[in-house]
Amino acid sequence: MAQTVELTGADLDLESIAVLARGASVAAHPDSVARAARAHHDAAVVAERREVYGHTTGVGAAREELTGTDEEHGRRLLRTHAAGWGDPLPEPVVRAALAIRANQLLVGGSGARPELAVALADLAGMPADDLPVVHRHGSLGTADLTALAEVGLTLIGERDRARGPRRRVLHLDAGDALPLLSSNAFALGESALATRSVARTARAASTVCALTFVALRGNPEAFSEAAAHATPFPGAAEVAGHVRALVTGQPGRPAYIQDFFGLRTWPQVHGPLLDFAANLRTVVETAVNTASENPVFTPGPDGPQVAHHGGFHAAYLALGADSTLLALARSAAAVQSRVAHLLTGREGLPLFLADEVSGSSGLLIAEYVAASAVSVVRQSAAAPSAVQTAEVSAGIEDDASFAAAAAERLTRAAQAYRRLVAVELVCAVRAVRQSGKRPVGPLAEALARCDQLPADLADRDLAGDFEVAERVLEAYAAEPVPSAGGGPAS
């Protein structure tokens, strides 16, 4: 039976968004629909007594021009804004964005008819053929105007669906069009999925680091409680505790009094990634449950009120994604370092972890794959979106966050980082096997999950190994972080 996610306008989180992105059914909670209906009534009351931007006026520099309040006004707004370009966004991002936009409307501040939120929720759970075609580029991070206009035209039957025929499912009032557009739902949807991916891979990366630690006979002092106190930040403490729990009691003596940076400073360079990803999660989960539309309607002691504001500006989202990208680049450098040390014939291991046949390449190419993945991460982090801006609409809208660009780069970097950690896992597992060491405790269980990785050392195509390793990372990510005592910490 298909899973159903109920939208309330209050408790949508990253895990629910991931479920929605996979095609779960979507339903709007009746209480939230009723709340949106009350807000729609309040908006109509306000619009009768004063001008309301985008409802009774034009938009942008045309904000002082009065308009009609009929359906055609909303249609014109959608038609003029549906100018997205580039490749269509992936189906999971589209589904996530539609559900997020519905959830935000159910908060009740937009003044749109509740039918709009219900229609978006229904559309999010439709078969792939019925989804709107939404193009990647066109947003400046002051609402995903072009993307949401394409959604709007699909709802009213003026745009093609992915592969299905055009059909009208919604009549728009003049006061529905701007509320639909006034959101960064697509940037939020893509950021939500990328943030979850980064966080899960980051958790799995410490388990992989522990396997490398055993293969290279690392010194556990770098992960001790004393060392953790030297970097008193939540992420660093979690990383140190995670690795400490896995390496404590493992056989063998340390090879050196202290290890190379890629191993020894893992809590310090990987911990920030956990912290910044957690911050980005907070930003996303806050935004998807907030009525950030401009204008926003609220109840007041003297009747409903309207506020014209800038809550649609996605500076928090862009800065959160940029910070996470920079932290990702730092972590990626450490992973690449460990891959290099595993392949350079250290601690009695053969060069490239190859077999005994003279001239064998073994895992030589793994270092190349790792370097290419790190390059993608660095390119993604090299030009922060939050330093960009744009001045449009006759100078009235003179700043932009470019959050959608940040979300796209975070997605690309998350994919590369997952492949990078998978490469380390392939190398670490082979190194542990070749070393003859037998890990104990939770680390033995982690190694056992890699039984699908071939034990054959002969030179061969390694693409399949890296794909298997990515699936193992998902299993690692689903497991609780072990505590220093060996039990679950979270």
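**Charged pairs, stop by stop**

Select Arg166 to begin: its relative accessibility is 48%, so Arg166 counts as partly exposed (buried is under 20% relative accessible area, exposed over 50%, partly exposed in between, with a 1.4 Å probe and protein chains only). This is a predicted model, in which local features need pLDDT of at least 70 and side-chain atom pairs pLDDT 80 or more, while totals for chains, interfaces and linings use all residues. Residues are numbered from 1 along each chain as its sequence is written, and side-chain values use heavy atoms, without hydrogens and water.

The side chains of Asp160 and Arg166 form a salt bridge, 2.8 Å from N to O (a side-chain nitrogen of Lys or Arg within 4 Å of a carboxyl oxygen of Asp or Glu). Next select Arg75, Arg79 and Glu158: salt bridges with shared partners join these residues into one network.

Now select Asp130 and Arg167, whose side chains meet in a salt bridge at 4.0 Å, N to O. Asp130 is in the loop between helix H5 and strand E4, and Arg167 in the loop between helix H6 and helix H7, 37 residues apart (helices, H or I, of at least four residues and strands, E, of at least two are DSSP runs, numbered from the N terminus). Asp130 is buried at 16%, whereas Arg167 is partly exposed at 33%.

Last, select Arg136 and Glu408. Their closest N and O atoms are 3.8 Å apart in a salt bridge. Arg136 lies in strand E4 and Glu408 in helix H15, so the pair ties together parts 272 residues apart in sequence. Glu408 is partly exposed at 22%.

How many salt bridges does the structure hold? There are 22.
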